[in-house]
Amino acid sequence: MIGFRRKTIVFFLATIVLAILVIFYEPVLIAEAQSSTPTAAKSSPPVAYPNRALSAFPAQLPPLPYAYGALGKAIDAETMKLHHDAHHASYVKNLNDALKQYPDLQKRSVEALLVNLNSVPEDIRTKVRNNGGGHLNHTIFWQLMSPEGGGKPSGAIAQEINQTFGSFDTFKKQFNAAGAARFGSGWVWLVRNPQNQLQIVTTANQDNPIMDGSYPIMGNDLWEHAYYLKYRNRRGEYLDNWWNVVNWPQINRRSQLSSQQPR
Ligand SMILES: [Fe+2]
């Protein structure tokens with residue numbers, strides 16, 4: 001009788017211990033599974049989107065983190081509405097259309113597709129490059145701006161900009177000059193390059209620096225759709241005013257992430 005009771009108590013305690021393990025350990029397993037989402041043939045491409053790789057399918061238009069008119073110090077409401085609701089939305093739609101017939105590619109992130117473009121079938125490669133890039137670039141771009149933005153950089157990025165470029169003013173001048181010099185449509189970026197150094201680069205069309213092994217910390221959109229309604233052909237004026245809405249806390253976060261990327 002006593003033996004039976006002891007067995008019952010042992011069984012009861014073991015069940016409780018097992019339940020506790022399941023309750024506390026399951027979220028860890030789920031988080032690990034989510035963080036190791038299948039990507040591409042190449043191992044661990046740099047993640048350009050904070051916290052997670054951007055889902056390629058179904059790609060979704062992220063909501064603007066502020067009102068259309070909230071960035072008035074640099075960009076008017078009509079431009080923001082068109083830019084987000086029409087231009088970014090069409091990159092999302094076209095990316096989904098391109099991947100519709102390719103279930104294997106749908107499992108990859110946008111970053112993984114862009115890093116391994118050669119593994120994307122030729123008939124949709126350009127479409128994935130342009131629209132995957134457009135989706136990724138704009139998703140990053142909305143977060144790089146804030147109604148409370150502007151001013152001088154703060155935190156670790158301020159120090160690193162000073163060390164790399166001499167001063168914030170010099171960095172700003174070089175960034176704007178690179179943006180002005182990019183012929184046609186494209187982007188100007190501050191990246192962390194494969195040598196772990198800050199560098200200003202430009203990309204054509206909707207290409208993203210991850211395609212060259214660099215991590216985009218901040219970037220400005222040089223397409224006319226980003227500024228033409230308000231600034232017409234005065235790209236330089238737009239580049240100058242854009243600094244009034246730059247979201248330095250977000251750029252600090254991205255810079256910190258960039259130095260944690262596998263190289
Ligand atoms: Fe754009």
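Leaving aside its neighbours within four places in sequence, Leu113 touches Ala56, Leu105, Arg108, Val120, Val128 and Gly132. By contact I mean that two C-beta atoms, placed from the backbone, lie within 7 Å.

A word on what we're looking at. This is a predicted model, where local features need pLDDT of at least 70 and side-chain atom pairs count only at pLDDT 80 or more, while totals for chains, interfaces and linings use all residues. Residue numbers run from 1 along each chain as its sequence is written.

So where does Leu113 belong? Along with Leu95, Leu113 has the most contacts inside the largest nonpolar core, which has 50 residues. A nonpolar core here is a set of buried Ala, Val, Leu, Ile, Met, Phe, Trp, Tyr and Cys residues joined through C-beta atoms within 7 Å. Buried means 20 or more other C-beta atoms within 10 Å of a residue's own, exposed means 12 or fewer, and partly exposed is in between, again with C-beta atoms placed from the backbone. The elements giving two or more residues to this core include H2, helix H4 (110-115), strand E1 (186-192) and helix H10 (248-258). H2 gives the most, with 6 residues. And the core lies between domain 1 (76-143) and domain 2 (155-258), because both give residues to it; those bounds come from an automatic or database domain assignment.

Now the whole chain. There are 10 helices and 3 strands, which are DSSP runs numbered from the N terminus: helices are H or I with at least four residues, strands are E with at least two. Buried residues make up 33% of the 263 residues. Of the contacts with a separation of 6 or more, 72% are between residues 24 or more positions apart.

On to the strands. They form an open sheet in the order E2-E1-E3, with antiparallel pairing. E2 and E3 are the edge strands, each pairing on one side only. Two strands count as paired if DSSP finds at least two bridges between them, and E1 and E2 are joined by 7. One to look up on screen: Val191 has Gln199 in E2 as its bridge partner.

What lies across this sheet? Helix H7 lies across E1, E2 and E3, at about 15° to E2. For angles like that, axes are lines fitted to C-alpha atoms, for helices over the stretch in contact, and the range is 0 to 180 degrees between N-to-C directions.

In H9 (residues 235-242), the buried residues are Tyr238, Leu239 and Trp242. They span an arc of only 100° around the axis, which puts them on the same side of H9; that arc is taken from the directions from the helix axis to the C-beta atoms. Their cover includes helix H7 (168-181), strand E3 (215-221) and helix H8 (228-231).

Phe57 and Pro58 are joined by a cis peptide bond, with omega about -10°, and Pro58 is in the loop between helix H1 (2-35) and helix H2 (77-99). Asn205 isn't a glycine, but its phi is positive, about 50°. Asn205 sits in the loop between strand E2 (198-204) and E3, and is partly exposed, with 15 other C-beta atoms within 10 Å. Arg232 also has a positive phi, near 55°. Is Arg232 buried or exposed? Exposed, with 11 C-beta neighbours inside 10 Å, in the loop between H8 and H9.
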